[in-house]
Amino acid sequence: MGHIMQFSTWIEFVDMGGHGLYVWLSFAIAIGVISINVLQPWMSQKKLIESLQRKFQRESKLK
């Protein structure tokens, strides 16, 4: 069935049998993309709310 990788040291774990650069770079890119997908809508929502608050304040002053 499945093969479980075992590493003797942390250096071997980080190196990943010579593929560490690709593994960790892929992991970092994935975390970056996920972070952008979470933060971007949150920041856009924040800007929209501030914009609507300013608009409502302007409109209430006109009345």
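Which helix holds the place of Ile 11? Ile 11 sits in helix 1, which covers residues 10-15.

## Overall form

This is a predicted model. The protein has 2 helices and 0 strands. Its radius of gyration is 24 Å, whereas a compact globule of 63 residues would have a value near 11 Å. Along the principal axes, the C-alpha atoms fill a box of roughly 75 × 25 × 15 Å.

## Surface and charge

Of the 63 residues, 3% count as buried. The accessible surface of the protein is about 6,200 Å², and carbon and sulfur atoms account for 67% of that area.

There are 7 positive and 4 negative side chains in the protein. The centres of these two sets are 28 Å apart.

## Ile 11

The relative accessible area of Ile 11 is 67%. Ile 11 is classed as exposed because this value is over the 50% cut-off.

Val 33 is 22 residues from Ile 11 along the chain. The C-alpha atoms of the two residues are separated by 27 Å.

## Nonpolar patch

Helix 2, residues 20-62, supplies the largest share of the patch, with 4 residues.

Val 23 has a relative accessibility of 34%. This value falls between the 20% and 50% cut-offs, so Val 23 counts as partly exposed.

How values were computed. Residues numbered from 1 in each chain as written. Predicted model: local features only at pLDDT ≥ 70, side-chain atom pairs only at ≥ 80, totals over all residues. Heavy atoms only, no water. Rg over C-alpha atoms; globule rule 2.2 N^0.38 Å. Buried < 20%, exposed > 50% of the residue type's maximum accessible area, 1.4 Å probe, protein only. Areas by Shrake-Rupley, 256 points an atom, 1.4 Å probe, with all protein chains shown as cover. Lys, Arg positive; Asp, Glu negative; His and termini not counted. Charge placed at Lys NZ, Arg CZ, Asp CG, Glu CD.
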